[in-house]
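Open the model in your viewer and keep the selection panel at hand.

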Amino acid sequence: MNREKQIVRTSIVGIIANAFLAAFKAFIGLVSHSIAITMDAVNNLSDALSSIITIIGAKLAAKAPDKKHPLGHGRIEYLSAMVIAVIILYAGVTSLIESVKKIIHPEVPEYKTVSLIIIAVAVAVKIVLGTYVKKVGNMVSSDALVASGTDALFDSVISAATLVAAIIYIASGLSLESWLGAIISIIIIKSGFEMLRDTISDILGKRIDPELSKAIKASINSFEGIRGTYDLVVHSYGPEMMIGSAHIEVPDTMDIKELDMLERRITEKVYADTGVTIVGLSVYSYNTQNEEADKLLSEIRKKVLGYDHVIQLHGFYLEEKTKTIRFDMIVDFEANDRIGVYNKVMEDLKETYPEYKFSVILDQDISD
């Protein structure tokens, strides 16, 4: 079964389960005058609507690339996840308003044995549903499914808390319904906000996952002659479309024919190992059989990395004829003044090695 069909099938299961739970909880909430149970029913409806949007997003994202969108439509999934987040936020805010009204003007809840049994069943259903949806979401790399599964598992905790509140009321006469409804609402709002934040991060272009970065670099560095892989950039156009580029350090003796073959082999291996399509490889050359270059690299690396917030030096090359040293330097984003750090390093190098010219690029800390 392909990814789209798995997402649709799992979402349909979620729709059916949440519609069933919403209907029962709404009925019980109205009969027993329980605001917490009623608000929990609203949450189940929002979960069902989220599953519908997930299906629509998966269908649209699966459309084949065309002339207008040559990299496909995969990012629609991020937009559908954003819509889901907004729905969850709306549900949370609405629930909070109703809960506050009930706190100000309380109603006495009426519990029956059957209502408590159904709430207990709802807890079990949500645990099973949440585990299933989250598992499939992780398997097919669907953020929307993972979020739905996590939300369902969290709902099971909320329903369990509602059940506890009912038991407390029956045993002691202390009504916590309205306050519990407010707490549930705040938790829903928090969940929606976090989902919205994460989705916006995906759309803006977040930092590549460290494990994926390490896997890509390990794949590239496995080729003979490559001394390092740097400036790795990976753009996500949906979970099934990731394209990347990088710089590689190769010997200065490598000719264009060898380099062309190497780049083709790298592209094939990286895709086979990680699923990422490398669309661009730029080259740093490193000195071979040059003791002076090796000595300077060792000295300069030690000096440059001794500065606070300087986290990497790469692409070092000594051009003997013009006595020019070139390399790239990465300054951490946490530095208050990255340009200031760069200028201090440059002043130090020029003072220490006045006989050399320096061509140094201030690079970005793009990936691990």
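Which helix gives the most to the lining of the largest cavity? Select α5: this helix supplies six residues of that lining. Keep in mind that the model is predicted.

**Stop 1: the largest cavity.** Its volume is about 140 Å³. Show N18, D47, S51, S148 and G149, the closest to its centre among the 20 lining residues. Now colour α1 (3-32), α2, α3 (76-104), α4 (113-140) and α5 (143-172); each supplies at least two lining residues. By class, the lining has seven nonpolar, nine polar and four charged residues.

**Stop 2: the second largest cavity.** The space here is about 40 Å³. Select I7, T54, G57, A58, E77, S80, S142 and A144 to see its lining. The largest share, three residues, comes from α2. The lining divides into three nonpolar, four polar and one charged residues.

**Stop 3: T54.** Stay on this lining residue. T54 sits in helix α2 (residues 35-61). Is T54 buried or exposed? T54 counts as buried, because its relative accessibility is 4%, under the 20% cut-off. Leaving aside residues up to four places away in sequence, T54 touches I7, S11, I84, A144 and L145.

**Stop 4: the largest nonpolar core.** This core has 23 residues. Those with the most contacts inside it are I300, V304, I325, F327, M329 and F358. Elements giving two or more residues are α9 (291-304), β4 (310-319), β5 (324-331), α10 (338-352) and β6 (357-363). Another core, of 18 residues, lies apart from it; select L212, I216, V234 and I278 among them.

Notes: Residues are numbered from 1 along each chain as its sequence is written. This is a predicted model: local features need pLDDT of at least 70, side-chain atom pairs count only at pLDDT 80 or more; totals for chains, interfaces and linings use all residues. Side-chain values use heavy atoms; hydrogens and water are left out. Helices (H or I, at least four residues) and strands (E, at least two) are DSSP runs, numbered from the N terminus. Buried means under 20% relative accessible area, exposed over 50%, partly exposed in between (1.4 Å probe, protein chains only). Contact means heavy atoms within 4.5 Å. A nonpolar core is a set of buried Ala, Val, Leu, Ile, Met, Phe, Trp, Tyr and Cys residues joined through side-chain atoms within 4.5 Å. On a 1 Å grid over the protein atoms alone, a cavity is a set of points where a 1.4 Å probe fits but cannot get out, and a pocket is an open set with protein on both sides within 12 Å along at least five of seven lines; lining residues have an atom within 4 Å of a point. Grid points are joined across faces, edges and corners, and a volume is the space filled by probe spheres set on the points. Ala, Val, Leu, Ile, Met, Phe, Trp, Tyr, Cys and Pro count as nonpolar, Asp, Glu, Lys and Arg as charged, and the others, Gly among them, as polar.
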